[in-house]
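This briefing concerns the structure shown below.

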Amino acid sequence: MTTIRYNPWTEINTLQRQFNRMFDDVSTATNTQASANYSKVPAAELTNTESALILKLELPGMNVADINIQAMAKSVSISGERKPKTTDKTRTEFSYGKFARVIPLPARIQNTEVKADYKNGILYLNLPKVDEEKNKVVKVNLLAEADS
């Protein structure tokens with residue numbers, strides 16, 4: 001019986017080659033049809049202030065009607081579609097298509113009070129925090145048992 005040694009690096013190298021091939025395919029897409037299959041995840045920036053969370057997302061070239069925002073108590077979901085405005089004779093490096101992103105939040109928010117604004121390709125979300133009950137200290141009286 002022949003002993004075959006297991007080498008985990010072989011599988012890792014295979015996985016690395018597959019990832020490289022995948023990214024090469026995406027980065028060399030030269031027409032709108034090929035790049036439309038690539039879904040872009042918008043970059044986000046989250047600022048934690050005392051009273052609210054401020055979330056900014058880069059969504060250049062989007063129409064407000066094509067952006068969907070859903071706020072939950074502990075996360076925000078943003079989805080949409082960037083539609084191409086080019087012809088077949090246009091060569092573009094822009095990415096088009098649908099995107100979706102769920103951003104977990106470090107604090108609970110009042111999802112009914114969220115305010116959104118879209119200016120110069122940046123989506124601004126003001127997410128007010130829930131006023132949590134402060135840690136109360138309560139004095140507890142201990143009653144002694146009556147002697148029987």
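F19 is found in helix 1, which spans residues 8–27; helices (H or I, at least four residues) and strands (E, at least two) are DSSP runs numbered from the N terminus. The model is predicted, so local features need pLDDT of at least 70 and side-chain atom pairs count only at pLDDT 80 or more, whereas totals for chains, interfaces and linings use all residues. Residues are numbered from 1 along each chain as its sequence is written, and side-chain values use heavy atoms, with hydrogens and water left out.

- F19 counts as partly exposed because its relative accessibility is 40%; buried means under 20% relative accessible area, exposed over 50%, and partly exposed in between (1.4 Å probe, protein chains only).
- Together with L15, M22 and F23, F19 forms a nonpolar patch on the surface, with about 400 Å² of accessible area in total.
- Patches consist of residues with over 30% relative accessible area and no salt bridge, nonpolar side chains (Val, Leu, Ile, Met, Phe, Trp, Tyr) being joined within 5 Å and like charges within 9 Å.
- A salt bridge is a side-chain nitrogen of Lys or Arg within 4 Å of a carboxyl oxygen of Asp or Glu.
- Accessible areas come from the Shrake-Rupley method with a 1.4 Å probe, and for residues only the protein chains shown count as cover.

- An open sheet is formed by 4 strands in the order 1-2-7-6, with antiparallel pairing; two strands pair if DSSP finds at least two bridges between them.
- Strand 1 (44–48) and strand 6 (115–119) stand at the edges with a single partner strand each, so one side of each is left without a neighbour in the sheet.
- From one strand to the next, the twist averages 15 degrees; axes are lines fitted to C-alpha atoms, and angles run from 0 to 180 degrees between N-to-C directions.
- Strand 6 pairs with strand 7 (residues 122–128) in the antiparallel sense over 5 bridges, and A116 has L125 in strand 7 as its bridge partner.

- Strand 3 (residues 67–71) and strand 4 (residues 75–82) pair in the antiparallel sense over 5 bridges.
- These two strands form a hairpin with 3 residues between them, and N68 stands opposite S79 in strand 4.
- S77 lies in strand 4 and is buried, because its relative accessible area is 17%.
- Not counting residues up to four places away in sequence, S77 touches N68, I69, Q70, M72, R101 and V102; contact means heavy atoms within 4.5 Å.
- S77 and R101 lie 24 residues apart in sequence and 5.7 Å apart in space, C-alpha to C-alpha.
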